[in-house]
Amino acid sequence: MAYHRHRLGARERGDPAVNRARRVPVQAVRKSGCSLCPAQPGQPCQAQPAGDHLSRWLAAYQAGHISRDELARIFSELVVLTRFQVVPELGAA
Ligand SMILES: [Zn+2]
């Protein structure tokens, strides 16, 4: 069986161009308020740096506002997962 060395992808290297290209559907996630904090619809959970609680992303997925792929992409970028996780807005349109 061939052994493949893990090579860092552009995102893992923190390539700024990739981060800029990362399209985060934050508007869709913010259609509803957050169940964990007082953030109202249209507002981020955290102002600086802008981001939203992971549970808000899960709620947006369950409501059909974002796709499974979009949710999966967010999960793939987080190292430690809790529902209190704040997902940074990096590259948001
Ligand atoms: Zn929140």
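The largest nonpolar core of this predicted model consists of eight residues: Val26, Val29, Leu54, Trp57, Ala60, Ile66, Ile74 and Val87. A nonpolar core is a set of buried Ala, Val, Leu, Ile, Met, Phe, Trp, Tyr and Cys residues joined through C-beta atoms within 7 Å. Buried residues have 20 or more other C-beta atoms within 10 Å of their own; exposed residues have 12 or fewer, and partly exposed ones fall in between, with C-beta atoms placed from the backbone. Helix 2 (26–29) and helix 3 (54–62) each supply at least two residues of this core. Helix 3 gives the largest share, three residues. Helices (H or I, at least four residues) and strands (E, at least two) are DSSP runs, numbered from the N terminus. Residues are numbered from 1 along each chain as its sequence is written. Because the model is predicted, local features need pLDDT of at least 70 and side-chain atom pairs count only at pLDDT 80 or more, while totals for chains, interfaces and linings use all residues.

Helix 3 has the buried residues Leu54, Arg56, Trp57 and Ala60. They lie on the same side of helix 3, because they cover an arc of only 155° around the axis. The arc is that of the directions from the helix axis to the C-beta atoms. These buried residues pack against helix 2, strand 1 (51–53), helix 4 and strand 2 (86–88). Trp57 touches Val29, Asp52, Leu71, Ile74 and Val87, leaving aside residues up to four places away in sequence. Contact requires C-beta atoms, placed from the backbone, within 7 Å.

Ile66 sits in the loop between helix 3 and helix 4 (68–77). Ile66 counts as buried because it has 22 C-beta neighbours inside 10 Å. Its C-alpha atom is 7.2 Å from that of Pro25, 41 residues apart along the chain. Beyond residues up to four places away in sequence, Ile66 touches Pro25, Ala28, Val29, Ala60, Tyr61 and Leu71.

The peptide bond from Gln48 to Pro49 is cis, with omega near -5°. Pro49 lies in the loop between helix 2 and strand 1.

The protein averages a pLDDT (the predictor's confidence in each residue, from 0 to 100) of 77, and 66% of the residues score at least 70. Confidence is highest in helix 3, at 93, and lowest in helix 1 (residues 16–21), at a mean of 46. Over residues 15–21 the pLDDT is below 50. Where pLDDT is low, the predicted coordinates should not be read in detail.

Methods:
Two residues are in contact if their C-beta atoms, placed from the backbone, lie within 7 Å.
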